[in-house]
Amino acid sequence: METDSAIDRSDRWDIRHFPTIDSTNRWVLDEARAGAPSGLVASADHQSAGRGRLGRAWVAPPGTSLLVSVLLRLEIELEKVNTVAMATSLALLEGLPSELSSRSGLKWPNDVVVGDRKLAGVLAESILPPGDKSNSPEIAVVVGVGCNLEQKEFPAEVSAIATSCALELEKTITRDDLLNSFLSRLAFWSDEISSGNHWSVISAYRARLVTLGTSVRVDLGNETFEGVATDIDSSGRLLVTKINGEHVVVSVGDVVHLRSF
Ligand code: BTN
């Protein structure tokens, strides 16, 4: 496996910083629609309308978090687009200081967790090429990361399920250092995807996926069920065996870890 020292990827990112913005994902998506090239990055001290997965809000007090969105233009099949979000959560986990990275894991689909507490989340939003997709396989994907950095406490409703780098580490990590190490790992994994090595992303992601082997409650929005998460497939979908033995493939949803075996 290539290491970051083998290739200098520092010139591929065009980083813009905003003291305040509604949403870095919204801004990068608009720039992508206007033709911005791959590698555009937006970060912010504060978002007034941060977006989370499944239509939720992403709220963080000003200056406490890494809030960043990245535009990646990739020639990939539509069914492989989830690998971009998987690569992003993996890149963030690997970009953490080693003493924290080694204690962290991925919760399906794209949360970075320390034990049962969420450290970071990923929101991927895609723009499909217009017209005949078979002649224009490039997909623009905006991956947004919110990582709790400096919070020493959280609102009561999430205090039992959230954590931050400041709570987990004795030394401090700056937002710029985390951004740089994240982008370095994201460059590596997006190159793997561009080279057609989806399986290297899937296998590295699977190796850090603490959801596997865990008893889970799956919330599909209109239906909730419990089972054991057994694996992921080649598109990153979660395979769950229900208590009655039925096998379910979960593409989109929320998962609560109940216990590990
Ligand atoms: C989740 O729900 O877990 C995903 C949260 C993603 C939040 C980040 S913060 C930077 C970027 N801009 C947004 O509006 N959302 C993402």
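Which residue in β3 is the bridge partner of Ser43? Keep that in mind as you work through these points, and remember that you are looking at a predicted model.

1. **The pair to begin with.** The partner of Ser43 in β3 is Val68. This bridge belongs to the pairing of strand β2 (residues 40-47) with strand β3 (residues 65-75), which is antiparallel and has four bridges. As background, strands of a sheet pair through backbone hydrogen bonds, either parallel or antiparallel.

2. **The sheet around that pair.** Now step back and trace the open sheet of seven strands, whose order is β1-β2-β3-β7-β6-β5-β4 and whose pairing is mixed. At its edges lie β1 (14-21) and β4 (104-107), each of which pairs on one side only. On average, and with direction ignored, neighbouring strands of this sheet are turned by 20° against each other.

3. **A helix on the sheet.** Look next for helix α5 (residues 175-194), which packs on the sheet and touches β1, β2, β3 and β7 (138-148). The direction of α5 makes about 20° with that of β3.

4. Ala36 sits in the loop between α1 (24-33) and β2. Is Ala36 buried or exposed? Its relative accessible area is 11%, and because buried means under 20%, Ala36 counts as buried. Beyond its neighbours within four places in sequence, Ala36 has contacts with Glu31, Leu71 and Arg73.

5. **The ligand.** There are 20 residues around the ligand, and those that come nearest are Ser23, Gln47, Arg51, Arg53 and Lys118. Gln47 places a polar side-chain atom 2.8 Å from a ligand nitrogen atom. The side chain of Thr24 has an N or O atom 3.0 Å from a nitrogen atom of the ligand. On its own the ligand has 410 Å² of accessible area, and the protein covers 98% of this.

6. **Another helix and its cover.** In helix α6 (residues 198-208), the buried residues are His198, Val201, Ile202, Ala204 and Tyr205. Among the elements that cover them are α2 (82-95), β4, α5 and β9 (224-232).

7. **From β8 to β9.** Strand β8 (residues 214-219) runs antiparallel to β9, and five bridges join them.

8. **From β9 to β10.** β9 also pairs with β10 in the antiparallel sense, over five bridges. Here Ile232 stands opposite Leu238 in β10. The hairpin of β9 and β10 has five residues between the strands, with Gly236 at a positive phi near 85°.

9. **From β10 to β11.** Strand β10 (residues 238-242) and β11 are antiparallel and joined by four bridges. Leu238 turns up again, this time opposite Val250 in β11. In this hairpin, four residues lie between the strands and Gly245 takes a positive phi near 95°.

10. **Two faces of one strand.** In a regular strand the side chains alternate between the two faces of the sheet. Which residues of strand β11 (residues 247-250) form its covered face? They are Val248 and Val250, while His247 and Val249 make up the uncovered face.

Conventions:
Residues are numbered from 1 along each chain as its sequence is written. This is a predicted model: local features need pLDDT of at least 70, side-chain atom pairs count only at pLDDT 80 or more; totals for chains, interfaces and linings use all residues. Side-chain values use heavy atoms; hydrogens and water are left out. Two strands pair if DSSP finds at least two bridges between them. Helices (H or I, at least four residues) and strands (E, at least two) are DSSP runs, numbered from the N terminus. Axes are lines fitted to C-alpha atoms, for helices over the stretch in contact, and angles run from 0 to 180 degrees between N-to-C directions. Contact means heavy atoms within 4.5 Å. A residue is near a molecule or strand if one of its heavy atoms lies within 4 Å of it. A polar contact is a pair of N or O atoms within 3.5 Å; within protein, one must be able to donate a hydrogen and the other to accept it, and residues adjacent in sequence count only if both atoms are side-chain atoms. Accessible areas come from the Shrake-Rupley method with a 1.4 Å probe; for residues, only the protein chains shown count as cover. Buried means under 20% relative accessible area, exposed over 50%, partly exposed in between (1.4 Å probe, protein chains only).
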